[in-house]
Amino acid sequence: MLLRLACKSKPVEQARLVTAAFKCAVPPPPPPHNNRQKSFGHHTPPPPPPNVRSTPCCFLSMASGGEGPPATPPRHSNRLAEERSPYLLQHAHNPVDWYPWGQEAFDQARIQDKPIFLSVGYSTCHWCHVMERESFEDEEIAKLLNSNFVCVKVDREERPDVDKVYMTFVQATSGGGGWPMSVWLTPDLRPFIGGTYFPPRDQGRRAGFKTILGRVAQQWQNNRSNLESSGNRILEALKKGTAVAGKAGASPPLAPSVAQRCFHELAQSYEEEYGGFRDAPKFPTPVNLMFLMSYWSVNGSTSEGLEALRMALHTLRMMARGGIHDHVGQGFHRYSTDSSWHVPHFEKMLYDQAQLAVAYVTAFQVSGEQIFADVAKDILLYVSRDLSDKSGGFYSAEDADSVPTSGGAEKREGAFCVWTASELGRLLADAAVGASGSATLAEVFMHHYGVKEQGNVAPEQDPHGELRGQNVLIVRYSAELTAARFGISVETLNELLARARAKLAEVRKLRPRPHLDTKMLASWNGLMVSAYARAGAALGDEALLERALRAGHFLKEYLWDAERRTLLRSCYRGDQMEVQQISTPISGFLDDYAFVVCGLLDLYEATLQIEWLQWAEELQLRQDVLFWDSAGGGYFSCDPSDTTVLLQLKEDQDGAEPSANSVSAWNVLRLSQYTGRQEWLQRCQKLLAAFSERLTKLPIALPEMVRALMAQHHMLKQVLMLLDGNSDAFLRELLPALSSMCMQGGVATAYVCQDFTCSLPVTEPEELRRLLLDGIAATQTE
């Protein structure tokens with residue numbers, strides 16, 4: 001069903017370390033001792049690909065956080081000082097002779113006949129900086145690295161193609177992965193040993209980084225042929241084990257059965273009391289929540305459909321009340337270390353804010369509950385204030401760690417966000433006007449947000465003692481219960497709490513801020529365009545739509561090479577707050593194209609400005625040329641002509657970010673309806689067929705693609721077009737049938753179409769609403 005609008009105005013609504021070639025004589029170490037940091041970075045890794053054998057090893061993976069610039073003038077400088085990535089710049093003054101990823105490093109490895117030591121991380125990664133402080137700033141370890149290896153440092157967010165290849169290797173040979181990632185490569189870039197974080201020196205029977213470097217160097221000299229042959233065998237097995245391709249003439253799997261299995265798998269992992277899909281650590285997983293709401297939209301008349309909606313809405317409510325939600329500074333932290341969403345890993349990622357804003361505004365649309373709209377606006381307020389560049393772009397992340405106000409140079413996780421009871425008592429000492437028993441504002445606030453004199457973080461959630469005596473704010477009572485406790489109305493309570501939060505926000509401004517990663521990525525900016533556009537349209541908020549438009553213009557000005565018709569991966573904030581680019585810009589990857597195209601389609605639907613639909617079409621055509629697998633279907637994650645990338649992967653998991661193939665399936669389906677290009681509808685079908693085995697056997701791994709499969713099966717019911725007689729030539733040229741559509745009586749007119757058959761023109765909003773609801777009911781009946 002297509003909704004065509006004819007209107008003159010713009011409506012708002014519209015590694016285990018060693019492989020078989022090199023085994024450690026020590027058992028695997030225990031999991032990371034900091035329970036708040038054991039999630040393996042951005043997401044829990046998928047299981048190793050089939051046909052790849054894991055081997056015993058020394059392996060440790062840690063999660064994220066961050067460090068700031070050195071406190072004293074640097075003694076050393078290396079090539080990374082010429083880079084713009086905040087992560088690479090953080091290593092620019094190590095005594096390690098770092099190279100950025102590129103031909104210079106590869107040539108030196110061949111000339112010197114040395115293996116490459118590849119270290120991959122990102123600027124807000126806590127354990128990346130632990131390893132830097134312990135090992136890469138150590139003169140003795142740096143000497144070992146410089147003497148025996150060509151050392152290469154990679155920002156995983158800047159070069160996801162490099163990260164995915166070697167993370168696949170580490171996961172396959174260790175059973176897990178994470179950042180920092182440490183991999184040793186031959187001069188022709190073939191991996192032979194891999195792991196993640198290593199302590200600098202031996203700890204009991206556990207080998208330290210210094211010992212491992214010596215062993216690798218010795219093996220390279222004495223056992224090189226075995227290392228190389230073992231690495232080659234593993235790489236060949238990975239090529240086979242990671243292949244995703246459809247058979248000639250294959251069709252997508254049946255959407256109803258795949259969707260039902262995905263629902264059942266999510267229901268089995270659902271945690272009933274607090275929502276979410278595991279005990280701990282617990283991640284927001286917006287892709288799961290969006291699937292559940294979509295499942296309800298086509299199964300709303302069934303008990304399973306209603307249960308899907310209940311699961312999604314309950315999870316979103318509990319997350320909004322939890323400590324993972326920053327009640328003072330807005331936005332959401334990366335994940336919760338416990339099952340009740342209380343104690344988070346305090347890092348804030350742009351892609352989380354984008355996807356959660358969409359999930360919350362969608363929940364508002366399906367439920368009508370104002371709390372979901374409020375949380376969506378809360379997220380976007382945080383992004384506008386703290387993650388926005390004056391150019392219109394969005395920064396990547398805010399660190400978990402910062403210097404505590406109590407003094408000292410050592411950063412602590414959550415220091416910027418947590419509170420002691422005595423501090424709150426002092427800051428909120430005013431009387432709570434209207435409350436019984438002469439209660440203070442502090443007493444009301446502390447009761448509502450679960451603040452305790454001794455701190456509200458359990459010791460098992462704080463093994464390093466960083467949060468001892470501190471409180472992570474979490475809504476412990478409903479507004480009705482707290483209001484009754486103090487003898488006031490809910491309206492008065494909300495006013496008191498808002499006043500208290502505003503005062504605390506002013507106090508937080510005076511605290512040392514966490515590190516900000518000011519790198520601006522095309523892909524994550526595309527996600528953010530979607531968030532502002534969809535929220536602005538759903539909430540009728542012109543300011544949000546204007547912010548989406550600014551971001552769209554930013555993408556076109558700074559991350560689009562019009563001459564080469566190529567998206568760029570990233571740009572950077574300069575020292576004078578200007579937007580900078582590196583000397584050889586990184587070309588965009590599949591997720592850059594997919595997420596930007598999705599954002600542009602959402603921006604078009606929200607503003608009905610034709611330029612965004614035109615650019616989306618142009619980018620999709622370019623994506624097809626660069627990444628489409630004409631033999632097996634689906635899109636490669638990076639340009640298959642790049643010889644430095646040894647594995648041509650098709651991401652087959654919707655994790656912390658949706659798979660670019662999942663988003664692309666949606667994009668080409670939507671574009672096929674807008675443009676009438678049947679080849680895009682066929683491409684959608686071929687893509688879904690290529691992932692048929694994954695969708696059939698483990699749909700929970702691809703909930704966003706299951707949504708696309710459902711949309712392909714039921715056909716779209718939410719496409720908007722503006723025909724105003726001025727800028728509609730583009731649409732009428734693509735879809736001649738539009739020529740028969742015109743305004744009735746000089747007012748906004750809608751035509752609801754499905755299967756190339758359109759309703760009579762509609763000019764009354766209530767009549768349009770009835771037609772759309774009838775369409776939904778018909779889908780649910782099917």
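Predicted model: local features only at pLDDT ≥ 70, side-chain atom pairs only at ≥ 80, totals over all residues.
Author: Residues are numbered from 1 along each chain as its sequence is written, and side-chain values use heavy atoms, with hydrogens and water left out.

Reader: What percentage of the residues in the chain is buried?

Author: Buried means under 20% relative accessible area, exposed over 50%, and partly exposed in between (1.4 Å probe, protein chains only). Here buried residues are 61% of the 782 in the chain.

Reader: How many aromatic pairs does the structure hold?

Author: Rings of Phe, Tyr and Trp (its six-membered ring) pair if their centres lie within 6.5 Å; planes under 30 degrees apart are stacked, over 60 edge-to-face, and the rest tilted. The structure holds 28 such pairs. Take W184 and F198: their centres are 6.3 Å apart and their planes at 50°, so the pair is tilted. It links distant parts of the chain, 14 residues apart, with W184 in strand β5 (181-185) and F198 in the loop between β6 (191-195) and α6 (209-222). Helices (H or I, at least four residues) and strands (E, at least two) are DSSP runs, numbered from the N terminus.

Reader: W184: buried or exposed?

Author: W184 has 0% relative accessibility, so it counts as buried. F198, at 3%, counts as buried too. Another tilted pair is F445 and Y449, 4.6 Å centre to centre with 40° between the planes; both are buried.

Reader: Which residue has its charged end over the ring of Y99?

Author: A charge sits over a ring if NZ of Lys or CZ of Arg is within 6 Å of the ring centre and within 35 degrees of the ring normal. For Y99, that's R79, 3.6 Å from the centre. R485 likewise lies over the face of F486, at 4.8 Å.

Reader: What is the order of the open sheet of three strands?

Author: Strands of a sheet pair through backbone hydrogen bonds, either parallel or antiparallel. Two strands count as paired if DSSP finds at least two bridges between them. Here the order is β9-β10-β13, with antiparallel pairing. β9 (348-349) and β13 (516-517) stand at the edges with a single partner strand each, so one side of each has no neighbour in the sheet. Two bridges join β9 to β10 (397-398), and K348 has E398 as its bridge partner in β10.
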